[in-house]
Amino acid sequence: MGRNKLARFKANEENSNVVQEGKDIFGRIQGNWRKEQFKNEQPIVVELACGRGEFTVGLGREYPEQNFIGVDIKGARIWKGSTIAIEEGLKNVAFLRTQIELLDRFFAEKEISELWITFPDPRPRDGDEKKRLTSPRFLEMYKPMIQNDGWIHFKTDNTGLFDYTVELLQNRADIRDLVFTHDFYASEFRNDHHGIKTRYETIFSAKGEKIKYLKFRFK
């Protein structure tokens, strides 16, 4: 393991805006994000597969009246967003380092007001369907955590994953207000991401890839 990665892991241990295994808060954070981490009663917005945290941090800058949590398992990536948030004094931004498969261990019922799934691994093989972050397995996990009127947003460059997700949602009886586009920046929804691009989105867009987007709410 390189020195830079070790240094970043060490910084995550010290940064108060990173919740990860080994910290006391890790085991008691479920249902207590406002009380234990943010020390306020503001709504909580969660980004899954946040990577370096560009979107989570960007949202934190734009909306100081809300709390934002980026979730990823890669500590070296989380370090980037965590460090920027601390340097900018964004006390409404935090990061959770865990497998997304374990998300329900860290959020209580109706604790999340809004959820973003941004450019996750497409998991194209049929045998990997259950690992897709928009698969029935994950949707059932998200459903109890989201407040009744809370939006779930999904962005990807991968057409296969996007079409799979749209078809899946259209065939579920518990979905409402589903809207989608295969060309986000040419659509009426282009302002939904508040002008904030992730690193991967910038790369994909530069290659001429159309960005796909959808949002929906549970009934």
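Glu 47 is found in strand β2, residues 44–48, where strands are DSSP runs of E of at least two residues and helices are runs of H or I of at least four, numbered from the N terminus. The structure is a predicted model, in which local features need pLDDT of at least 70 and side-chain atom pairs count only at pLDDT 80 or more, whereas totals for chains, interfaces and linings use all residues. Residues are numbered from 1 along each chain as its sequence is written, and side-chain values use heavy atoms, with hydrogens and water left out.

With a relative accessible area of 2%, Glu 47 is buried (buried means under 20%, exposed over 50% and partly exposed in between, with a 1.4 Å probe and protein chains only). Leaving aside neighbours within four places in sequence, Glu 47 is in contact with Phe 55, Thr 56, Ile 69, Gly 70, Val 71, Trp 116 and Thr 118, contact meaning heavy atoms within 4.5 Å. The side chains of Glu 47 and Thr 56 make a polar contact at 2.6 Å; such a contact is a pair of N or O atoms within 3.5 Å, of which, within protein, one must be able to donate a hydrogen and the other to accept it, and residues adjacent in sequence count only if both atoms are side-chain atoms.

An unreviewed UniProt entry places the feature "binding site" at Glu 47, Asp 72 and Asp 121. These residues span 75 residues in sequence, yet no two of their C-alpha atoms are more than 14.2 Å apart, so they gather at one spot. The lining of the largest pocket includes Glu 47, Asp 72 and Asp 121. On a 1 Å grid over the protein atoms alone, a pocket is an open set of points where a 1.4 Å probe fits, with protein on both sides within 12 Å along at least five of seven lines, and lining residues have an atom within 4 Å of a point. UniProt annotations may be inferred rather than shown by experiment.

Asp 121 is found in the loop between β5 and α5 and, at 45% relative accessibility, counts as partly exposed. A polar atom of the Asp 121 side chain lies 3.0 Å from the backbone nitrogen of Arg 123. Arg 123, in that loop between β5 and α5, has a positive phi near 45 degrees, and Phe 119, also placed between β5 and α5, has a positive phi near 50 degrees. Most residues other than glycine have a negative phi.

The unreviewed UniProt entry also places "binding site" at Asp 157, Thr 198, Arg 199, Tyr 200 and Glu 201. Although spread over 45 residues of sequence, these residues cluster in space, with a largest C-alpha distance of 12.6 Å. Asp 157, Thr 198, Arg 199 and Tyr 200 are included in the lining of the largest pocket. Asp 157, in the loop between β6 and α6, is buried at 18% relative accessible area, and among the residues it touches are Phe 119, Phe 204 and Lys 212. Tyr 200 lies in helix α7, residues 199–206, and is partly exposed at 35%.

Asn 158 caps the N-terminal end of α6, a side-chain oxygen lying 3.2 Å from the backbone nitrogen of Gly 160. The 12 residues of α6 (159–170) should span 16 Å at 1.5 Å a residue, and the end C-alpha atoms are 16 Å apart, which agrees; the expected span is 1.5 Å times one less than the number of residues. The buried residues of α6, including Leu 161 and Phe 162, pack against α5, β6, β7 and β8.
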